[in-house]
Amino acid sequence: MTTDKIYDTRSDDQPFRFNEEVAKVFPDMLRRSIPGYEATIEAIGSLAARYVRPNTQCYDLGCSLGAATLAMRQGIKQPGFRILAIDTARAMTERCKKIMAEDDRQFGRPTPVDVIEADIRDTRIDNASMVVLNYTLQFLAMDDRDALLHRVCDGMLDGGLLVLSEKVVDENTEMEKLLVDLHHEHKRRNRYSALEVARKRAALDNVLIPETVAAHRKRLADAGFGHTAVWLRYFNFVSIIAIK
Ligand code: GEK
């Protein structure tokens, strides 16, 4: 795994982009930056085993290098499914295709994966029994979030499952400050320097826009999901499951 040193060396004030430089170090970046990331991937595999139904489709929206896609693929044991892994960044989809080909070569999995370079705001969701938005919605403009969640819910079968993982902000400013501090301390424990943490924070300003847990749950209910639960919270990161 290549170590993420992007903000160790870079000092410009360019906003964060999902380019080749990021794709190259991405697995290391997420593992060291997002508390609970590995737990979300593990749970996505277990949830796929329970919720994916034959002759339906699964979607990994904002798939990056396909970690959630691989987890779904491993969780689904029978044939008769298809996973659509979608990301707008070519640097991600190109690497993701190679990772899927290597997974095919090693394990000969029964579930085909289509890796598609596209904007999830335009992607048709159809006949879906499971949809994953693992730390992706946070990168969409606020105005686009309601429409996407409505389309996701409309394209899902009754009883279908959505996993929505996000960085969140707390309503209580004291608590928010504490949670941000704890997250930054976590990053420093994971060998990011204080300067790297500060530079990355600045680069993500206005690129990653977090909302409260309450706002997410309300949007999910408005979109048509009958049941929602926060199944994981680690500092200011949550993962929510929603059932149509
Ligand atoms: C994982 N889910 O490893 N359309 C498609 N993709 C988009 C869009 C869009 N409009 N906006 C952003 N992305 C992955 C991790 S990363 C999370 C997801 C992070 C893509 C973007 O290109 C990037 O690959 C991904 O969403 C977000 O489980 O970097 O914190």
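**Ligand contacts and helix packing**

A backbone N or O atom of T88 lies 3.2 Å from a nitrogen atom of the ligand, a polar contact being a pair of N or O atoms within 3.5 Å. This is a predicted model, in which local features need pLDDT of at least 70 and side-chain atom pairs count only at pLDDT 80 or more, while totals for chains, interfaces and linings use all residues. Residues are numbered from 1 along each chain as its sequence is written, and side-chain values use heavy atoms, with hydrogens and water left out.

**Ligand surroundings**

- Y37, G62, S64, D87 and N134 come nearest among the 24 residues around the ligand; a residue is near if one of its heavy atoms lies within 4 Å.
- The side chain of D87 places an N or O atom 2.6 Å from an oxygen atom of the ligand.
- For N134, a backbone N or O atom is 2.9 Å from a nitrogen atom of the ligand.

**Helix 3 with helix 4**

- Helix 3 (residues 37-51) packs against helix 4 (residues 67-75) at an angle of about 35°, and their axes are 7 Å apart.
- Helices here are DSSP runs (H or I, at least four residues), numbered from the N terminus.
- Axes are lines fitted to C-alpha atoms over the stretch in contact, and angles run from 0 to 180 degrees between N-to-C directions.
- The crossing of helix 3 and helix 4 is right-handed, that is, the near helix is turned clockwise from the far one by less than a right angle.
- Helix 3 contributes Y37, I41, I44, G45, A48 and A49 to the contact, and helix 4 contributes A67, A68, A71, M72 and G75; contact means heavy atoms within 4.5 Å.
- By class, these residues are 9 nonpolar, 2 polar and no charged (Ala, Val, Leu, Ile, Met, Phe, Trp, Tyr, Cys and Pro count as nonpolar, Asp, Glu, Lys and Arg as charged, and the others, Gly among them, as polar).

**Helix 4 with helix 5**

- Helix 4 and helix 5 (residues 90-107) pack at about 25°, with axes 10 Å apart.
- Helix 4 is therefore roughly parallel to helix 5, the term for angles under 35 degrees.
- T69, L70 and R73 of helix 4 meet I99, M100, D103 and D104 of helix 5.
- This contact of helix 4 with helix 5 has 3 nonpolar, 1 polar and 3 charged residues.

**Helix 7 with helix 8**

- The axes of helix 7 (residues 173-189) and helix 8 (residues 194-204) come within 9 Å and cross at roughly 125°.
- V180, H184, K187 and R188 in helix 7 meet A194, V197, K200 and R201 in helix 8.
- The contact of helix 7 with helix 8 comprises 3 nonpolar, 1 polar and 4 charged residues.

Note on methods. Helix = DSSP H or I, 4+ residues; strand = E, 2+ residues; numbered from the N terminus. Polar contact = N/O pair within 3.5 Å; in protein donor to acceptor, adjacent residues only side chain to side chain. Parallel < 35°, antiparallel > 145°, perpendicular 65-115°, else oblique.
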